[in-house]
Amino acid sequence: MLARQMNLRPSTINHLCSDSVDRVYIRTLEAICDALDISIHELIVEDSDA
């Protein structure tokens, strides 16, 4: 479970995946990428509808 790997509450992970997020710390993004063994480019996807 990602939340457990990152030592975060599951609700925090859910919030990060929601449309209501207005900012995220770069260290948090780095930790997510490390936990998932992916690059930042794989994590962030441009929304062409925005």
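**Pockets and backbone of a predicted model**

In this predicted model, the largest pocket is lined by Leu-2, Ile-13, Leu-16, Cys-17, Ser-18, Asp-19, Val-24, Leu-29, Ile-32, Leu-43, Ile-44 and Val-45.

Trainee: Which elements give two or more residues to the lining of the largest pocket?

Mentor: The lining includes Ile-13 and Leu-16, along with Leu-29 and Ile-32. The elements that contribute two or more residues are helix H2 (10-16) and helix H3 (26-36).

Trainee: How many residues of each class are in the lining of the largest pocket, and how much space lies in that pocket?

Mentor: The lining has 10 nonpolar, 1 polar and 1 charged residues. The space in the largest pocket is about 390 Å³.

Trainee: Which element gives the most to the lining of the second largest pocket?

Mentor: The second largest pocket holds about 170 Å³ of space. Its lining consists of Thr-12, His-15, Leu-16, Arg-23, Val-24, Tyr-25 and Thr-28, which divide into 3 nonpolar, 3 polar and 1 charged. With 3 residues, the element that gives the most is H2.

Trainee: Where is Asn-7 found, and is Asn-7 buried or exposed?

Mentor: Phi of Asn-7 is positive, near 60°. Most residues other than glycine have a negative phi. Asn-7 is found in the loop between helix H1 (2-6) and H2. Because the relative accessibility of Asn-7 is 71% and the cut-off is over 50%, Asn-7 counts as exposed.

Trainee: Is Asp-37 buried or exposed?

Mentor: Asp-37 lies in the loop between H3 and helix H4 (40-43), and has a positive phi near 55°. Its relative accessibility is 72%, so Asp-37 counts as exposed.

Conventions
Residues are numbered from 1 along each chain as its sequence is written. This is a predicted model: local features need pLDDT of at least 70, side-chain atom pairs count only at pLDDT 80 or more; totals for chains, interfaces and linings use all residues. Side-chain values use heavy atoms; hydrogens and water are left out. On a 1 Å grid over the protein atoms alone, a cavity is a set of points where a 1.4 Å probe fits but cannot get out, and a pocket is an open set with protein on both sides within 12 Å along at least five of seven lines; lining residues have an atom within 4 Å of a point. Grid points are joined across faces, edges and corners, and a volume is the space filled by probe spheres set on the points. Helices (H or I, at least four residues) and strands (E, at least two) are DSSP runs, numbered from the N terminus. Ala, Val, Leu, Ile, Met, Phe, Trp, Tyr, Cys and Pro count as nonpolar, Asp, Glu, Lys and Arg as charged, and the others, Gly among them, as polar. Buried means under 20% relative accessible area, exposed over 50%, partly exposed in between (1.4 Å probe, protein chains only).
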